[in-house]
Amino acid sequence: MNTARWRSAVLRILSPPGHADEGRSAVLSSTGWLILDKILRMLVGLTLGVWIARYLGPEEYGDLSYATAFAALFGAVASLGLDGIVVRDLVKRPEDERASLGTAFLLKMLGGVLTAAAAIAAIRIIRPAPSILDGLVALLATSVVFQAFDVVDFWFQSKVDARPVVLARFVAFLFGSLMRVALILLGYGVLWFAGAVLVESALAGVALLYIYSAAARRATDWRVSQERAGQLLGDSWPLIFSTLVTILYMRIDQIMIGEMVDTREVGVYSVAVRLSEVWYVIPASIVATWTPSIVDAHKQGDEALFQSRLQRLYDIMALLAYAVAIPTIFVAGPVVELLFGAEYSRAAPMLIVLMFASLFINLGIARSAFLTSMNWPKTHFVTVLLGALTNVLLNFLLIPSYGGTGAAVASLISYWIAAHGVCYFIPRLRPTAGMLTKATFRPRLR
C-alpha cells in the first residue's frame with residue numbers, strides 16, 4: 001500500500017466521519033502524536049518496569065505497588081473530575097477561557113494539597129506501626145499536587161493539538177526514566193523510586209507552563225472566578241465521586257491483596273496489571289482526541305452524525321482490545337517468565353484475564369465521551385459505583401482462595417458491569433447498551 005492509500009485508510013479508521021480533509025488531518029495528527037507518545041512511554045516504561053521489578057524483587061516491588069495504589073485513591077479526588085468538563089467548556093465557551101483555566105488550576109491545586117495530606121494521615125491510621133509504606137505514600141501522594149498544571153493540556157486538547165503537550169511531558173518522562181536507571185545502577189532502595197515519581201511530576205508541570213507561554217499565552221492572564229468555580233464544581237462533583245470509584249475498583253484489588261494475603265502477592269499481581277495496562281494508553285489517547293468532535297456534533301444538533309461518531313469509536317475500541325487480548329492467551333506464560341523471571345510466573349493467568357477485561361475498559365473510556373457530551377455525570381457515577389461495589393464484593397469472595405487470579409476475575413466481571421451490563425437497567429442508556437453490544441460482537445471499520 002502506498003503512502004497516500006495508507007494515509008487515507010488511517011483517516012477513515014481514526015477520524016470522525018463528516019469532517020473536511022483539513023479537520024480530519026488535524027485529528028489524525030493529534031491522535032498520531034498522542035499514540036506516538038504512548039508507544040514510546042509503553043516501551044520505555046515496560047523496559048524499566050521489568051528492570052525495577054527484577055531489581056526490587058516481589059516483596060519490595062509489592063510495597064511500591066501497594067503504595068502507588070493507595071496514593072492513587074486519593075489522587076483521584078484531587079482531579080476533582082474537571083478534566084472532561086474543562087475541555088468541553090473550552091470548546092463550547094472559548095470566551096471564558098481565562099476564567100475556566102485559572103479557576104480550574106486553583107481548584108486542582110487545592111485538591112492536590114488536601115488529598116496528599118489525607119493520604120499521609122490515612123496510611124498511618126491503617127498501618128500504625130512505622131514502615132517503609134509511610135515514606136512511599138508520602139512521596140507518591142505529594143506528586144498529585146502537580147496535576148494542577150494539567151489545565152494547560154486541557155487547552156491544547158480543545159485545540160486538537162497534542163504535539164506540544166506530548167513533547168513537554170516526554171522530556172519530563174525521559175528525565176524521570178534516566179533517574180530510575182541511575183537508582184538501579186547505584187543500588188538505591190525502593191524509597192528513591194517513589195521520589196523519582198515526585199521529581200518527574202514537578203518537571204512535567206514546569207514543561208507544560210513553558211509550552212503554554214510558547215503558544216503566546218500567559219498563565220498570569222488566568223483569573224479566578226467564584227462564579228466559575230461554582231459552575232465547574234456543580235457540573236463535576238458527581239464526577240469527583242465517579243473518578244474516585246473508578247480508581248477504587250481499578251486499584252482496590254492491590255490494596256485488598258496486600259491486606260488479605262501479603263505484599264509479595266501484590267508484587268506478582270502488579271506484574272500482570274502493569275503488562276495489561278501498557279495498552280490502555282492508546283485507546284485513551286484516541287478518545288481524548290475524539291471527544292471535542294463528539295461534543296461538537298452534539299452541539300450542532302446533528303443526531304445522525306453524533307451517533308455515527310459514537311458507534312465508530314465504540315467499534316475501534318473493541319477491535320483494539322481483541323487485537324491484544326487474543327494473542328495474549330498464547331504468549332502470556334513465556335512473556336512473563338522471559339521478562340520478569342520465574343518468581344513472577346504466577347502472573348501469567350492473571351494477565352490473560354485482565355487483557356480480556358480491557359475490552360470493557362476500552363468501551364467504558366469511549367462511553368465517557370458520550371456521557372460528557374450529554375452532561376450526565378450522575379449517570380456515569382451510578383455505573384462506576386455499581387462496578388466498584390461488585391469488585392469489592394467479589395474480591396472478598398475470591399482473593400482468600402485464589403489470590404491475584406481471583407482479583408483478576410473480579411475485575412473482569414466488574415468492568416463489564418460498569419461499562420456495559422448496567423446500561424440495560426438505566427432507561428436513558430439502553431440505546432447505548434445496544435451500540436456497545438454491537439461493538440462487542442460485531443465491530444466494524446466503516
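Reader: What makes up the lining of the second largest cavity, by nonpolar, polar and charged residues?

Author: This is a predicted model. The lining divides into seven nonpolar, two polar and three charged residues. Arg251, Asp253 and Glu277 are among the lining residues. Arg, Asp and Glu count as charged. Tyr269, Tyr280 and Tyr415 also line the cavity, and Tyr counts as nonpolar.

Reader: Which helix supplies the largest share of that lining?

Author: H10, with four residues. Helices H9, H10, H13 and H14 each supply at least two. The cavity's volume is about 60 Å³.

Reader: Why is the aromatic pair of Phe70 and Phe74 called tilted?

Author: The centres are 5.5 Å apart, and the limit for a pair is 6.5 Å. The planes make 40 degrees. Stacked needs under 30 and edge-to-face over 60, so the pair is tilted. The two residues are four apart in helix H2, which means a separation of about one helical turn.

Reader: How do you know that Phe70 is buried?

Author: Its relative accessible area is 4%. Buried means under 20%, so Phe70 qualifies.

Reader: What makes the pair of Phe340 and Tyr344 edge-to-face?

Author: The angle between the planes is 65 degrees. The cut-off is over 60, so the label holds. Both residues are buried.

Reader: Why does the charged end of Arg127 count as over the ring of Tyr66?

Author: It sits 4.9 Å from the ring centre. Arg428 lies over the face of Trp376, at 4.1 Å from the ring centre.

How values were computed
Residues numbered from 1 in each chain as written. Predicted model: local features only at pLDDT ≥ 70, side-chain atom pairs only at ≥ 80, totals over all residues. Heavy atoms only, no water. Phe/Tyr/Trp six-rings, centres within 6.5 Å; stacked < 30°, edge-to-face > 60°. Buried < 20%, exposed > 50% of the residue type's maximum accessible area, 1.4 Å probe, protein only. Lys NZ or Arg CZ within 6 Å of the ring centre and 35° of its normal. 1 Å grid on protein atoms, 1.4 Å probe; cavity = no way out; pocket = protein on both sides within 12 Å on 5 of 7 lines; lining within 4 Å. Points joined across faces, edges and corners; volume = space filled by probe spheres on them.
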